Amino acid sequence: MLERLPRSTPEFEPIDWSKATASNILARIKEAGVVGMGGAGYPAAAKLASGRHYGTRHVIANGVECEPGVNADRSLMQQHLSHVLDGLRIVGHCLDCDQLTLAVSDRRVHQSFQDSDFSDVTCEMVSDHPANGEERTLIKTIFNESIPSSEYPSQRGFVVLNVATLFAICEAVRDGYRPTDRVVTVFDEERWVELDTPIESLAATPLLIRHGSVATGVMASKNAVVKLTTNAVAHDRTELARACIHCGWCDDVCPRYLPVEEMLRTQQSQSRQQGLDAYFDACFECGACVVVCPSTIPLLDWIRQGKRQTSVERLKQRANARFERRNARVAERRSDETRAREVRLHTPRKW
Amino acid sequence: MVIDRRQRTTTSVMVHVMVALLPGMVVQVWLADWRTLVVIGVATIGALVTEIVCTRSTRDLSDGSAVVTGLLIGLCLPSTTPWFACLVASIIAIAIAKHAFGGLGNNVFNPAMAGYGAVLLAYPALVVEFDAISGATALEQLAHRGSTTIEEVSSTPAFGAFGAANHEWVNLAFAFGGLYLIAVRVISPLVPLCVIAGIGVAAFMLDDGGSSTSHGSPMFNWFAGGTMLTAFFIATDPVTSPSNRAGIVIYALGIGVLAMLIRKYSSWPDGFAFSVLLANCFVPLLERIRHRQTSPT
């Protein structure tokens, strides 16, 4: 069992959710400030409101934790599975949806779910392929429905919430607590960490630290703190990186079939070729390529850099186009004025 | 044993390759003589020392690629090769073919084959292969046999049960090691399959039933010379092969067909060094296939 600091008295009045109205529950979730704890940090209340607006067919608890070396959600489920399932039921009640699914990739969690009797929730076991934790891939895997990248899953009747988010929702609604701590994998070890703990204080070593998992985390800045979206803190491995040997394993593993190796090559040689922008946009940063890379190259750092360049380029182009439109407009107006002046000049005065 | 690619590093990949080379190495030493060990040892040590000199550090030694290059050179060279020729081969391989191009990952030509090929051209008389038992090897006899038919030439002791004498067992052992590499997912089966198919198809089309101009059956060519070593260990070098599937197929088929053409139409008994180097030249071209092939989803 992970040790958790004892909680103070509840901040809010506990709600008997099975009798409460949806708007009451939503207001409470909003008031408690619950956001997506899988990493995106999307406000949970906004997601549920959108789910109510479009009508929801399936609510999915996302317990597919497939970032390498991160076990925060797994240990949370092992310790507090009933809380997570209650959170799922609360969301289901709030969205008038009784198709509740718990998606896991861990055999032991799946086993402990089957040992206990939860007839209202179905448990789906998916592989721990590094991309399965992403919500669209998960929906595709379980329900075989693809959601275009231009739409949210909630627009197609799916609401996917991370299990830690559901845990927080359960505590906020049922018990009246604001989320003030979460399970974080701190250098391969899971523990409850209070929010706003400086990340530097978690590390005993002066090595560089990544905010997030080894594969998908970003380099932590000096005064970074643990947030609701922090699922892991890991050591940086950039020092260990060797040259790319073009094994092509990153291309093999990419769930979007992107030419990762080529993207790395153009990025490293600073010779960005035309036509690769779409590839950089399509990457959803699952980190699968970083995991398989035998040379431990921080591929995702390079791809993120490429994404930034793409968006900066795009902003430049947009600004340029705007500027040229304005110039054309000004020139046109000026020629209009000149023409009017000419006309005035050559019109004979009446008197 | 880790079959999961997630746990792999460059070093562990190279260690897997070394393990897979072991059976072939043992059989080769067993069937030839102890001098094979000297050749392999000199080539490997030469490669290691050159690597240290070129990088001026020992950091890159730990990735194991220099050892593998040295081992491959030692396995290609016959046991009668003088020590300085082995040294020259490994120095050219590491210093010129690898580090002059920018080190591991940036080399255009397969280092082992560049070193071996350079020695083939520089000392043709010294590295012509003579078996301790049977004199000239089967491929050697086929290349310089005058106007004898296959039937006449294959009655000499240089020919074995289904391939070249001795070399058939060495080839089998390398194929066995290669299957191990496929089983642990270090290499994909595509490259060796295409190399073997390439040489098989070319040999089948050039085989006219055993006249004085034919060059043996596909079976003979699969189990003679360095076929299996090339198919499983040299053509599969990720750095010098294309990274898209269509490119890989063309590249590997090309190696097989070119090797067979060199065996038949040139005075070199075995053509793998030159066919691999020629195929390497086309890799930058083959890399361009992807642009038209895939579109982002």
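Chain B of this predicted model has a mean pLDDT of 84, and 87% of its residues reach 70 or more; pLDDT is the predictor's confidence in each residue, from 0 to 100. Helices (H or I, at least four residues) and strands (E, at least two) are DSSP runs, numbered from the N terminus. Over residues 292–297 of chain B the pLDDT is below 50, and beyond near neighbours in sequence this stretch has eight contacts in the model, a contact being heavy atoms within 4.5 Å. Where pLDDT is low, the predicted coordinates should not be read in detail.

Local features need pLDDT of at least 70, side-chain atom pairs count only at pLDDT 80 or more, and totals for chains, interfaces and linings use all residues. Residues are numbered from 1 along each chain as its sequence is written, chains are lettered from A and ligands numbered from 1 in the order in which they are written, and side-chain values use heavy atoms, with hydrogens and water left out.

In chain A, four strands form an open, parallel sheet in the order S3-S2-S1-S4; two strands pair if DSSP finds at least two bridges between them. Strands S3 (121–125) and S4 (158–162) of chain A stand at the edges with a single partner strand each, so one side of each is left without a neighbour in the sheet. From one strand to the next, the twist averages 25°, with axes fitted to C-alpha atoms (for helices over the stretch in contact) and angles running from 0 to 180 degrees between N-to-C directions. Strand S1 (residues 58–63) of chain A is joined to S4(A) by five bridges, and A:Ile60 has A:Val160 as its bridge partner in S4(A).

Helix H6 (residues 163–175) of chain A packs on the sheet, where it touches S1, S2 and S4 of chain A; its direction makes about 85° with that of S4(A).
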